[in-house]
Amino acid sequence: MKRTLILPAVIAGGLLVSGCSGMDTTEQRVLSGGAIGAGVGAVGTVLTGGCVTCGAAIGAGIGAGAGYIHDQMQKEDD
């Protein structure tokens, strides 16, 4: 079962990495913040026994918002 999931995961990862090449810094920070937030939210809900999809969605939203705020703060400093 695990072997059948490896190839789609590798392909999806490759597409995600290649898709970021034409983005500006704001888009990259929002996307990376959302991805990190989704991962943290999913892992957090697995550990606590909650709804994994809900945790990932909430984490993605918070992470994307944090990425945007971080980008705006970086632009103010420059």
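**Entry 1: a pair in helix α3**

I began with K75 and D71, which are four residues apart in helix α3 and therefore separated by about one helical turn. For helices I used DSSP runs of H or I with at least four residues, and for strands runs of E with at least two, numbered from the N terminus. The model is a predicted one, where local features need pLDDT of at least 70, side-chain atom pairs count only at pLDDT 80 or more, and totals for chains, interfaces and linings use all residues. Residues are numbered from 1 along each chain as its sequence is written, and side-chain values use heavy atoms, with hydrogens and water left out.

I looked up what joins the two side chains. K75 and D71 form a salt bridge, with 3.4 Å from N to O. A salt bridge here is a side-chain nitrogen of Lys or Arg within 4 Å of a carboxyl oxygen of Asp or Glu. Side chains of opposite charge can pair when their charged atoms come close.

**Entry 2: the salt bridges**

How many salt bridges does a search of the whole structure find? I noted two. One is the K75 and D71 pair above. I also found D71 paired with R29, at 2.8 Å from N to O. This pair links distant parts of the chain, since D71 sits in helix α3 and R29 in helix α2, 42 residues apart.

Then I checked how far each residue is covered. Buried means under 20% relative accessible area, exposed means over 50%, and partly exposed lies in between (1.4 Å probe, protein chains only). D71 has a relative accessible area of 0%, so I put it down as buried. R29 is partly exposed at 27%, and K75 is partly exposed at 45%. Salt bridges with shared partners join R29, D71 and K75 into one network.

**Entry 3: the whole chain**

I stepped back to the protein chain. I counted three helices and zero strands, and from the N terminus on the order is α-α-α. The chain has 78 residues, of which 17% count as buried.

The accessible surface comes to about 5700 Å², and 71% of this surface belongs to carbon and sulfur atoms. Such areas come from the Shrake-Rupley method with a 1.4 Å probe; for residues, only the protein chains shown count as cover.

I also looked up the contacts, where contact means heavy atoms within 4.5 Å. Among contacts with a separation of 6 or more, 53% are between residues 24 or more positions apart.

**Entry 4: α2 against α3**

At what angle do helix α2 and helix α3 pack? I wrote down about 145°, with the axes 6 Å apart. Helix α2 covers residues 25-48 and helix α3 covers residues 52-77. The axes are lines fitted to C-alpha atoms, for helices over the stretch in contact, and angles run from 0 to 180 degrees between N-to-C directions.

The crossing of α2 and α3 is right-handed. A crossing is left-handed if the near helix is turned anticlockwise from the far one by less than a right angle, and right-handed if clockwise. By class, the contact of α2 with α3 has nine nonpolar, 14 polar and three charged residues. Ala, Val, Leu, Ile, Met, Phe, Trp, Tyr, Cys and Pro count as nonpolar, Asp, Glu, Lys and Arg as charged, and the others, Gly among them, as polar.

**Entry 5: residues around T26**

Y68 lies in helix α3 and is partly exposed, at 42% relative accessibility. Its C-alpha is 6.5 Å from that of T26, though 42 residues separate Y68 and T26 in sequence. Not counting residues up to four places away in sequence, Y68 touches T26 and V30.

Q74 is also in helix α3 and is partly exposed at 29%. From Q74 to T26 I noted 9.9 Å, C-alpha to C-alpha, and 48 residues in sequence.

Is A42 buried or exposed? At 19% relative accessibility, A42 counts as buried. A42 is in helix α2, and its C-alpha is separated by 7.6 Å from that of G59, 17 residues apart along the chain. Leaving out residues up to four places away in sequence, A42 touches V52, G55 and A56.

T45 belongs to helix α2 and is buried, at 15%. Which residues does T45 touch, not counting residues up to four places away in sequence? I listed G50, C51, V52 and G55.
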